[in-house]
Amino acid sequence: MTNAGCPHILVVDDDPGMRELLRDCLEPEGFKVSEAGNSRAMHSALAGGQIDLVTLDLMLGGENGLAIARQIRDAHALPIVMITGKGDTIDRVVGLELGADDYIAKPFHPREVVARIRAVLRRKNPAETGSKAPATRPERLAFDGWTIDLGRREAVSDGHGPVELTTAEFNLLEILVRRPQRVHSRDAIMDLLKGHDWTPFDRSIDALVSRLRRKIEADPDNPRLVKTVRGVGYMFTPPVRQI
């Protein structure tokens, strides 16, 4: 983490009361909090660096929260937690497809926000959560020109070097590489992802698979690694070996 072990959260919301609420629930839990009431203030804060996670209101005044999420994802390798009063399923799917790491609907309990932010940061920075690292060497797996370091949560392409994956994308990839050449139903994937402190739903799995394909497939429109099994789910086709 940045800031000498104190995670720095940027709260992006046009409602001053909501920003104050999030500050009041995060700061006593050991987080440093900065605020932005619009995208201009958000970009200014991000340009200053030292931000560990962004909470983003999907309905940001007259601005398009989904477009802003895309801007963050295109320019920064930062976790995004969307916090919004809009419960429309399509927007939730699109938000996750754009790279959000979690999605919380208003009204919410402040402790839920703290727990979800901690979970996202823990998945993003597993070595910096305060828990002791295992004595054994982190597991490294290889397939089809890729090396996956599960301990460091890194995906490296032999041809293109490290590839930035969001927390949810890496969690899905880990599920697939640990269970290659097996058909995974959407329900099974959802159950496994719930173990990562994320609550997915049926259509979000398809969006997440689509995102992962864009990162690891040579031709995402004709996927070779993550195959669709019509009417059932998905299968990771290449053999995987431990290295």
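Student: In this predicted model, how far apart are the closest N and O atoms of the salt bridge between Asp149 and Arg140?
Tutor: A salt bridge is a side-chain nitrogen of Lys or Arg within 4 Å of a carboxyl oxygen of Asp or Glu. This is a predicted model, where local features need pLDDT of at least 70, side-chain atom pairs count only at pLDDT 80 or more, and totals for chains, interfaces and linings use all residues. Residues are numbered from 1 along each chain as its sequence is written, and side-chain values use heavy atoms, with hydrogens and water left out. For Asp149 and Arg140, the closest N and O atoms are apart by 3.9 Å.

Student: Is Asp149 buried or exposed?
Tutor: Buried means under 20% relative accessible area, exposed over 50%, and partly exposed in between (1.4 Å probe, protein chains only). Arg140 has 29% and is partly exposed. Asp149 has a relative accessibility of 10%, so Asp149 counts as buried.

Student: Which residue forms a salt bridge with Asp206?
Tutor: The closest N and O atoms of this pair are 2.7 Å apart, and the partner of Asp206 is Arg186. The pair ties together parts 20 residues apart in sequence, because Asp206 lies in helix H8 (residues 202-216) and Arg186 in helix H7 (residues 186-194); helices (H or I, at least four residues) are DSSP runs, numbered from the N terminus. Asp206 is partly exposed at 27%.

Student: How many salt bridges does the structure hold?
Tutor: One of them joins the side chains of Glu139 and Arg178 at 3.0 Å, N to O. Arg19, Arg23, Glu27 and Glu35 are linked in a network. The number of salt bridges in the structure is 16.

Methods. Helices (H or I, at least four residues) and strands (E, at least two) are DSSP runs, numbered from the N terminus.
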